[in-house]
Amino acid sequence: MDIQIAALCDAASDYGGKLCVLGAFDSLLTQNFPALHPQCAIALRIVFEKIEEGQHKLRIALVDDDGGSVMPPIELPVNAGVPPDASFVSQNIIVSIQQLKFERAGTYSIEIAVDDRHQKSIPLAVRQFAPQQSPQP
């Protein structure tokens, strides 16, 4: 099994087996905390070899730099059915997330596991910025 693509993005879609990713990012800037990110998606492209054919469990967790959960983990079944005339199969997986809330600035991580084995991490930096100050006369 190989996770070929793992991206946090604005949106993603599966178009006839092609993974379309829009606006991949790894940092968010906000003026205030708690910060609310209205919408994003996690886009994955996983390749399973013939020997890995069958049912698998995908787990996605968003954690802070202390390992605390930011949202409940997402668990999805993935059926890797390899066609008889092929040696592998690709699966595109898209998870849309609404109203993602961050209590504080910091380094976060999207942790991806398949069958309870960690496979990939997607880092996310959430930072605060000061509004532009107007020049003094």
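This report describes the core, a cavity, the cysteines and some backbone features of one predicted model.

Residues are numbered from 1 along each chain as its sequence is written, and side-chain values use heavy atoms, with hydrogens and water left out. Because the model is predicted, local features need pLDDT of at least 70 and side-chain atom pairs count only at pLDDT 80 or more, while totals for chains, interfaces and linings use all residues.

**The nonpolar core**

In soluble globular proteins, nonpolar side chains tend to be buried together. A nonpolar core is a set of buried Ala, Val, Leu, Ile, Met, Phe, Trp, Tyr and Cys residues joined through side-chain atoms within 4.5 Å. Buried means under 20% relative accessible area, exposed means over 50%, and partly exposed lies in between (1.4 Å probe, protein chains only). The largest nonpolar core has 29 residues, of which L8, I42, L44, L58, F102, I110 and L124 touch the most other members. Two or more residues each come from strand 1 (2–15), strand 4, strand 5 (54–63), strand 6 (74–80), strand 7, strand 8 and strand 9. Strand 7 gives the largest share of this core, six residues. Strands here are DSSP runs of E with at least two residues, numbered from the N terminus.

Contact means heavy atoms within 4.5 Å. Not counting residues up to four places away in sequence, F102 touches L28, F33, P34, A35, L62, V70, Y108, L124 and V126.

**The cavity**

A cavity is a set of points, on a 1 Å grid over the protein atoms alone, where a 1.4 Å probe fits but cannot get out; lining residues have an atom within 4 Å of a point. Grid points are joined across faces, edges and corners, and the volume is the space filled by probe spheres set on the points. The structure holds one cavity of 30 Å³ or more, and the largest cavity has a volume of about 30 Å³. Its lining consists of L8, I42, L62, M71, I97, L100, I110 and L124. These divide into eight nonpolar, no polar and no charged residues. Among the core residues that touch the most other members are L8, I42, I110 and L124, which also line the cavity.

**The cysteines**

A disulfide is a pair of cysteine sulfur atoms within 2.5 Å, and the structure holds zero of them. For C9, the nearest cysteine sulfur is that of C40, 7.9 Å away. C9 counts as buried because its relative accessibility is 0%. C40 is likewise in no disulfide, and is buried with a relative accessible area of 2%.

**Backbone features**

Most residues other than glycine have a negative phi, and most peptide bonds are trans. The peptide bond from F33 to P34 is cis, with omega near 0°. P34 is found in the loop between strand 3 (27–30) and strand 4 (35–49). Two residues other than glycine with positive phi values are listed below.

| Residue | Phi | Place | Relative accessibility |

**The start of the chain**

M1 is in the segment before strand 1 and counts as partly exposed at 26% relative accessibility. M1 and F88 are 87 residues apart in sequence and 9.2 Å apart in space, C-alpha to C-alpha. Leaving aside neighbours within four places in sequence, M1 is in contact with I46, V47, F48, E52, V114 and Q119.

Note on methods: Helix = DSSP H or I, 4+ residues; strand = E, 2+ residues; numbered from the N terminus. 1 Å grid on protein atoms, 1.4 Å probe; cavity = no way out; pocket = protein on both sides within 12 Å on 5 of 7 lines; lining within 4 Å. Nonpolar A, V, L, I, M, F, W, Y, C, P; charged D, E, K, R; others polar.
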